[in-house]
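Colleague: I am new to reading protein structures, and I would like to learn how to go through one feature at a time. Could you take me through this example?

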Amino acid sequence: MKIDGKPYRSIWAEADGRTVGIIDQTRLPHSFVTRQLKSLDDAATAIADMWVRGAPLIGATAAYGMAIAMRQDASDESLMKAYAVLHATRPTAINLKWALDETVRLLQPLPSEQRADAAWALAATLCDADVAVNHAIGSHGLELIKAIAARKEPGEAVNILTHCNAGWLATVDWGTATSPIYQAHDLGIEVHVWVDETRPRNQGASLTSWELGRHGVDHTLIVDNAGGHLMQHGKVDMCIVGTDRTTASGDVCNKIGTYLKALAARDNGVPFYVALPSSTVDWTINDGVREIPIEERDGREVSWMAGKDANGVETKVLICPETTPVANFAFDVTPSRLVTGLITERGVCSASQAGLAKLFPEMAKGQNKVRAV
Ligand code: MRU
């Protein structure tokens, strides 16, 4: 996507072949700052402290983290250490493990002197594949938006509600949930996005609003609790969200609050779609509520809010008594029965074992390869 006319991806290899560039998402929307990752620790910190975030981008950063580590030391010991350090950064998004497994599978049989170049090439391939996959997700999701647009009066927008940031900032490019939206917008279809602010870290307010605005997509920021009200009043035509891990049976784990939106959508007959690359499916599990580890983050993310004050200074404020106990569950699970469909790179399917297995028969049988779209 473009920022002030300049095309960007959310992650890129620098020309020196040992450094990786990223956009520091903790500084958005008020400052656009890029950072350079030069060591395994840099890559691990970038993921854990959410300079980068979003399941696909976490996977891409992990792949580059392995490549950076291999430039420093390509021994078996270093390979296993890099895997362990990166794997420990965040527990929920399965793309992290997927990218690490792909890297180890490729590097382990190679002599150490070939590992660094191979790891860099693989990370670049995974990033390019992510862009192609997200574009394909967008093409399939676009058909759903077109079908709703066809039922509208001329000039009437398709209203789409999204949660968190499943935009291009959460992937290498295009986004998952936003890819159909960008493609519809680029075709001249009128779309309007309801953006959940997404407490506590406000990825909707700070990231989704920012990237939709930069691309010129009409949108309105709402508090997390507004979605149900809007659906009751016919102001939402469809929901599209992303996911950090989806089970082989179609249970969807995504940013905390997604489940409540799905319940409201079901109660109001609003279609609830989840856009995802197949790398976000955990083919080894079926019961999302019981089997997906839910990240619990520092309570200060809830009790302190970041923003810009009236003087334009970026600051943090405490919003509760200093001694208030705080819990910070980062994700929840939406059972498959509440999901209208999964929008994948191979098409739209039901959120079920049969639906996923039909589109991805080789994965459902337990294989795990880097695939062409
Ligand atoms: O905690 P985050 O910001 O990494 O959570 C991100 C989300 O929940 C996204 O919706 C999900 O990763 C899908 S991104 C295409």
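Predicted model: local features only at pLDDT ≥ 70, side-chain atom pairs only at ≥ 80, totals over all residues.

Colleague: Let me begin with the strands: in what order do the three strands of the open sheet lie, and is the pairing parallel or antiparallel?

Modeller: As a general idea, strands of a sheet pair through backbone hydrogen bonds, and they can do so in a parallel or an antiparallel way. Here the order across the open sheet is β3-β4-β5, and the pairing is antiparallel. The edge strands are β3, residues 11-13, and β5, residues 34-37, each of which pairs on one side only. Neighbouring strands of this sheet are turned against each other by 25° on average, with direction ignored.

Colleague: How many bridges join β4 and β5, and which residue of β5 stands opposite Ile 23?

Modeller: Strand β4, which covers residues 20-23, pairs with β5 over four bridges in the antiparallel sense, and the residue of β5 that stands opposite Ile 23 is Thr 34.

Colleague: Which helix lies across these strands?

Modeller: That is helix α2, made of residues 55-72, which lies across β3, β4 and β5 and runs at about 25° to β3.

Colleague: Now the helix pair: at what angle do the axes of α3 and α4 cross, and how should I read such an angle?

Modeller: An angle over 145 degrees counts as roughly antiparallel. The axes of α3 and α4 come within 10 Å and cross at roughly 175°, and therefore these two helices are roughly antiparallel to each other. On the α3 side the contact includes Leu 79, Met 80 and Tyr 83, while α4 contributes residues including Leu 96, Leu 100 and Val 104. Sorted by class, the contact of α3 with α4 has eight nonpolar, one polar and two charged residues.

Colleague: What should I look for in the loop between α3 and α4?

Modeller: Ala 88 is found in that loop, and this residue is exposed, with a relative accessible area of 62%.

Colleague: How many salt bridges does the structure hold, and which parts does the one between Asp 76 and Arg 115 tie together?

Modeller: The structure holds 19 salt bridges. In the one between Asp 76 and Arg 115, the closest N and O atoms are 2.8 Å apart. Asp 76 lies in helix α3 (residues 76-87) and Arg 115 in helix α5 (residues 112-150), so this pair ties together parts that are 39 residues apart in sequence. Arg 115 is buried, with a relative accessible area of 3%.

Colleague: Where do Arg 105 and Glu 102 lie, and is each of them buried or partly exposed?

Modeller: Both lie in helix α4 (residues 94-107), three residues apart, which is about one turn of the helix. Arg 105 is partly exposed at a relative accessible area of 46%, whereas Glu 102 counts as buried at 6%.

Colleague: Which residues are linked in a network of salt bridges?

Modeller: The network links Arg 90, Arg 201, Glu 295, Arg 297 and Glu 301. Another salt bridge to find is that of Glu 156 with Lys 152, whose closest N and O atoms are 3.8 Å apart; Glu 156 counts as partly exposed at 39% relative accessibility, and Lys 152 is buried, with a relative accessible area of 19%.

Terms used
Residues numbered from 1 in each chain as written. Heavy atoms only, no water. Pairing = 2+ DSSP bridges. Axes fitted to C-alpha atoms, helices over the stretch in contact; angles between N-to-C directions. Contact = heavy atoms within 4.5 Å. Salt bridge = Lys/Arg side-chain N within 4 Å of Asp/Glu carboxyl O. Buried < 20%, exposed > 50% of the residue type's maximum accessible area, 1.4 Å probe, protein only. Parallel < 35°, antiparallel > 145°, perpendicular 65-115°, else oblique. Nonpolar A, V, L, I, M, F, W, Y, C, P; charged D, E, K, R; others polar.
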